[in-house]
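Here is a friendly briefing to read alongside the model. Please keep the sequence and the 3D view open as you go through the points.

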Amino acid sequence: MGYSYSYNPVTVDNDYDSLSYAFDYPFASNGSGTPYGPMQFVSPYSVNNPLPGNPTINSITGEMTVFPIGALQGNYATCIRVDSYRCGVKIASVFREIQVVLTNQCSGGCDGTGNNQNDPPVISPAPFQNSVTGLYTDYTDTVLVGDTVSFTLNVLEMETLVSDCITPQHFFINLNGSQVDSVFGSPYTQCDIPPCAHLDIITPAGPFTYNKTVHFNWAIDCAHATNECSEYTSYFFAINANDDACPTPALNTKTIEVVVRGLHIVSNGDTLSVNTPYTNIQWYLNGVLIPGATDDTLITTNSGGIYTVQTLSPSGCSLISNEINIVHVGISDNVSSINNLTLYPNPVSSLLHVELKSKVVESAQLKIMDGLGRELKQELIQLSNRNNSFDISTNDLQNGIYYLSIKGKENICSKRIIVMH
């Protein structure tokens, strides 16, 4: 108690669907570990105010902040609900119950002013520059494929131990996130989608005294533009700094959001378009290059099928858009084939599981093509006894982005896959 405390569960969705955070009800147990119903809060506490100190939770980043000044000591039950959305439709909810223990503020910090309150280390400045003020106050930045995100943070702990007001406190630094390299070594491949983000030190790191400057670095690749429902894909990183002056360490957490801009097709009747800063645009129909279709707008009055756009990023990788399924002349389906076809895991290492919502026909042609429309794998799939699901080996494919399409007598389902061994 006595200082602002922040916490981030750093939730990871393997499909990189959009996540939204909120408080929810913890569940009570019947004594055997089986939950039987939501716990009811006693005033002045409620589901959105589960502990003293005006707790808040950021619905986008998941960071919870509370400032319990003069609060009652004790144990408090909280619950964070994470909702997963795909193309605007909620598909899952996950709950994490967290017991928060409030203890008396430790008088372990000496700052020379006579105030012995132990405060957490300071992390500054904010990593990104505000476009209006020019000041480094922002924790969110939007980048392009081929960019490198690089910034410097300074962790400062000038308090000394209250026992003699001379001995410096120690502090520790940690970085969390799905894209953080877990081994710390070039070429930084030990994360969900390489290349990985990393600091210039192995974390958890410490102990340090007084101050420590750390450098963050992340090279953005085409594979990081994974959102099939939006032009933008968000990645979150939580950097923590805590001291060791008290039995309960004072902790400071900053949540950083990096938004990767990809390619996204927008349809207006028979006209498809992309609003993109990328160049070298090329349109495809059912994975096959459309000759001369290199503008940011395409009219599709004559042909139906799966339309995509590809461009070459400044770093030299192939960036591929979402899919738009033109069903009939003048009629388009914005939801695309992603709602008809489910693939997991994606990114995939060796075995891809394929599920169809409804049977296309008794048999169907499966093809896997690269970003240039070249056919790499073809297989006739019998669906009558497979319950609309089957597995495909990707061991013979190199790391990269591919298209998997399933074509029946009249229908085509298609979806992008990322192979990463």
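Asn280 lies in the loop between strand E22 (271–274) and strand E23 (282–285); helices (H or I, at least four residues) and strands (E, at least two) are DSSP runs, numbered from the N terminus. This is a predicted model, in which local features need pLDDT of at least 70, side-chain atom pairs count only at pLDDT 80 or more, and totals for chains, interfaces and linings use all residues. Residues are numbered from 1 along each chain as its sequence is written, and side-chain values use heavy atoms, with hydrogens and water left out.

- Asn280 is not a glycine, yet it has a positive phi of about 55°.
- Asn280 is exposed, with a relative accessible area of 54% (buried means under 20%, exposed over 50%, partly exposed in between; 1.4 Å probe, protein chains only).
- Tyr188, also not a glycine, has a positive phi of about 55°, and sits in the loop between strand E16 (170–176) and strand E17 (198–199).

**Cis peptide bonds**

- Most residues other than glycine have a negative phi, and most peptide bonds are trans.
- The bond from Ser124 to Pro125 is cis, with omega near -15°; Pro125 belongs to the loop between E10 and strand E11 (128–129).
- The bond from Asn346 to Pro347 is cis as well, with omega near 15°, and Pro347 is in the loop between strand E30 (341–344) and strand E31 (351–356).

**Strand pairing around E14**

- Strand E10 (residues 122–124) pairs with E14 in the antiparallel sense over three bridges, where two strands pair if DSSP finds at least two bridges between them.
- E14 and E18 are also antiparallel, pairing over ten bridges.
- Asn154 of E14 stands opposite Ser124 and opposite Thr213 in E18.
- On strand E14 (residues 148–157), the covered face holds Val149, Phe151, Leu153, Val155 and Glu157, while Thr148, Ser150, Thr152, Asn154 and Leu156 form the uncovered face.

**Nonpolar cores**

- The largest nonpolar core has 54 residues, and Val149, Phe216, Trp218, Phe237 and Trp283 have the most contacts inside it; such a core is a set of buried Ala, Val, Leu, Ile, Met, Phe, Trp, Tyr and Cys residues joined through side-chain atoms within 4.5 Å.
- Strand E18 (residues 205–219) gives the most to this core, with five residues.
- A second, separate core of 18 residues includes Ala364, Ile368, Phe390 and Ile417.
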